[in-house]
Structure formats: structure tokens, C-alpha cells
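Here is a quick walk through one protein model, from the overall numbers down to single residues. Have the coordinates open while you read.

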Amino acid sequence: GFSVDTVDLLMADVVEDAQASLGLDLTWGPNLYKGVLFFTALDNVNTSLGLYQNCEDWRDYAPILKHRGYACDVSLIGANPWRRSNGSFPARPQPALECPLPPLGKGGKTFFGWSCVHDGWWASPACTKLGGDPAKECIVYLDYGGGFAWASNVISTWESLQIPMLYAYVGSWDTIVDIGRDYALNGNRMMFNWRSPDATFALQSAGASTKYRVRTLSMNYPPSMVPSSNSPYTLARQELTLHAPEVAMLLSRMRITRGQMDEMSARLPAFSEAHGLPYGLAQEEAFFNITCEWVLKYRFPAEVREEGIIAWSDWLMTAEDCPPGSTFNAETLSCSKCLAGQTATGGAACSACKAGR
């Protein structure tokens, strides 16, 4: 795998409307408090047919909905299958826990100065200062993963900027993934937290004809208020060194820049649209073809060094990487131990050891 940053996202339609109406850039954090009217208030959010459309128990929203009295009817999958005994379904995002429990449950942090309202939503001081109902006046924000949004200092950042937020932790993954589906159908304008770089939301609308187009933009905050961005790095199991040292070496040398990741992510929806791929197929065919293009483009050093990029051919194991007593296999790009009584250096062919050695 590879490392990612966590960012706040909002839909491009929100940003474009604010720019056209007020000349306001809502991707800049300090401007958010001026742009509340361009978001959908919680009271007006309707996620029917958007969120919570599957019944699998492994989906992280399943225990949340069961705890709130919903049961899933498999005959209604895709048609609001989670229902209470009276036939009602969850028509807006469901916080993981009710008031007054902290968003992440027992032992979790609470938001100092914030108010828990509407059965699990947390209103920022700037939100409550407006004096009315937070469900009518504040920006809806959905959090995922480990909770508490994109940084440990998120709460102080929002308050320093006087942003009227209405926050909910909605589970570790599935609800946030479905925000794109919901927006395409219902156009609910909410802020949410997600990983970067990633093409999940771009692919959700690629090649599809929907009422609203899913286009996300990242929020930017003053540098002193957020953690610095991480350079991508690879992640692998330690056992790989023992079982496939040549692969471990490849991964240790692998260097893919954030710019390259962003470039590939941007090309995925374009490829999907050009080939008319629905979302499910886009996950496989588009990823394969865009990755293949990258492999072909960055194969040889002479072609890419002018761009300041290391060609992936430089990541591969060579004869010089073989430890003493092993020979290099050019076909498998790996080193093999010499037989007993033989040795080699620099990956050369194995030869008989000198007498007495």
C-alpha cells in the first residue's frame, strides 16, 4: 500500500456558486464562515436512495443503524432497505452514537465548548452562537476513519476561524464512500473528510448521466493550523524480506511522487468517460490501463530524468545487489544462492570455491 494525507472535501458546485454569487473562494478555510448559505442545512438534507442502500453486516453503518432501531430488508436493496417497524428509513446521515456520548464512544474525546444536539450531532461554539437551531444554520460535516477529522487540532482550527460546524462521526468507511452516490442523486451539499490522493469520488460519476455531477475539491487552511503534507511512501509486511527479497528491494526503492499520483487519479475518470465505463468496471479496467500507461511512460531513465523523475527500471534488482555467495538471474531479476562448494561475487556465475575455503 501507500501512505495518504487526510483532507476536507466539498463539492465543486458549492465552490462555483459561491464564486459566482459573492466572488468567494470557499476552498480557503478562513472564508467558510461566510458561505454557510451555499451548503445544505441538516433539516433540508434528504439522502433517500443515496446512503445506506446495502444490507451486508460487514458494512460499518450496519451496527449504527441496528442500534437506532432499523432492520435491513434485502428485497429493498437499492430502495431504502433499512426500515423501522413503522416503515420509516434513515433520510439523513446517522451519527454513530447519541448524545451525550462522545462521537467515538466510551473513552473517546469530547469537544470542549461544543454542544451535542439532535441525537448525536456536535455543534461548534460558532454554530451555537448563531442563536437558532443548528440543524437550520450550520455546515454539515461528516467524519470517518479514526474520527476527529483531518488533524488533532481540527476543533481549535474551526473555532479560530469561527466556522459554524455541525459535526458527526458516521463510521469508519462506507457512509463516506456513498456520499458521491448520494450527491449524484440528491445534491446534498455537505463537507466531509477523506484520504488524498484518491480517485473514488471522481470515478463515481465518470460515464454516468446523473442529476448532479460528483466533483470534489480540497479545502486549504493556513499552514500553521494543519499538519504538513506527507510525501507518499510504500507500506509492506516485514515477512516480505524473507520470502521475496527481490520484491522487498523493489518496494524499498519505489518512488512515486504526489504529482504522479495526482496525474494518474485525474486520468482515471477521463478514461472511464471516453470508454463509457460504469463505476464497477471503472474500478478495474481504468485502473489497469492508466497504470499500464504510467509503466510505459516511466520505464527508461533517459526519457524521464529531464523531468526529475526516477525511472522504475532503476528500482529493479541488478547483479550488483546480490550478496556474496549468490548469482544473478536476469530472467527473474533475482539472486540465487550458489550450491555447496561454490561461490560468487557481484552476482556473477557461481564457480568452485578455492581449495580450503
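Predicted model: local features only at pLDDT ≥ 70, side-chain atom pairs only at ≥ 80, totals over all residues.

Residues are numbered from 1 along each chain as its sequence is written, and side-chain values use heavy atoms, with hydrogens and water left out.

**Overall make-up**

The secondary structure comes to 13 helices and 13 strands. Helices here are DSSP runs of H or I with at least four residues, and strands are runs of E with at least two, numbered from the N terminus. Of the 357 residues in the protein, 44% are buried. Buried means under 20% relative accessible area, exposed means over 50%, and partly exposed is in between, with a 1.4 Å probe and protein chains only. The protein exposes about 18,300 Å², and carbon and sulfur atoms supply 55% of that; the areas come from the Shrake-Rupley method with a 1.4 Å probe.

How far along the chain do contacts reach? Among contacts between residues at least 6 apart in sequence, 63% join residues at least 24 apart. A contact means heavy atoms within 4.5 Å.

**Helix α1**

Take a look at α1 (12–22). Its buried residues are Ala12, Asp13, Val14, Val15 and Ala18. As a reminder, an α-helix has 3.6 residues a turn, so residues three or four places apart point the same way. What covers the buried residues of α1? The cover includes β1 (5–11), α7 (179–186) and β9 (216–218). Gly23 follows α1 and has a positive phi, near 65°.

Asp13 is also part of something else: a network of salt bridges links Asp13, Glu16 and Arg215.

**Salt bridges**

A salt bridge here is a side-chain nitrogen of Lys or Arg within 4 Å of a carboxyl oxygen of Asp or Glu. By this rule the count comes to 14. Here are some of the pairs, with the N to O distance for each.

| Pair | N to O distance |
|---|---|
| Glu239 and Arg237 | 3.0 Å |
| Arg253 and Asp321 | 2.6 Å |
| Lys297 and Glu263 | 3.4 Å |

Let's start with Arg253 and Asp321, whose side chains meet in a salt bridge. Arg253 lies in helix α10 and Asp321 in the loop between α13 (301–304) and β10 (326–329), so the pair ties together parts that are 68 residues apart in sequence. Helix α10 covers residues 245–253. Arg253 counts as partly exposed because its relative accessibility is 26%, and Asp321 is partly exposed too, at 22%.

What else does Arg253 touch? Leaving out residues up to four places away in sequence, Arg253 touches Asp314, Trp315, Leu316, Met317 and Asp321. For Arg253 and Met317, which are 64 residues apart along the chain, the C-alpha atoms are separated by 9.6 Å.

Next up is the salt bridge between Lys297 and Glu263. Lys297 lies in helix α12 (residues 279–297) and Glu263 in helix α11 (residues 258–274), so this pair ties together parts that are 34 residues apart in sequence. Lys297 is partly exposed at 38% relative accessibility, and Glu263 is partly exposed with a relative accessible area of 31%.

Then there is the pair of Glu239 and Arg237.

**Backbone details**

Where is the cis peptide bond to look at? It joins Cys99 and Pro100, with omega about 5°. Pro100 sits in the loop between β3 (82–83) and β4 (115–117).

Leu49 has a positive phi of about 70° although it is not a glycine. You'll find Leu49 in the loop between α1 (12–22) and α2 (61–67), and it counts as partly exposed because its relative accessibility is 36%.

Gln162 also has a positive phi, near 55°, and is a residue other than glycine. The loop that holds Gln162 runs between α5 (154–160) and β7 (165–169). At 37% relative accessibility, Gln162 counts as partly exposed.
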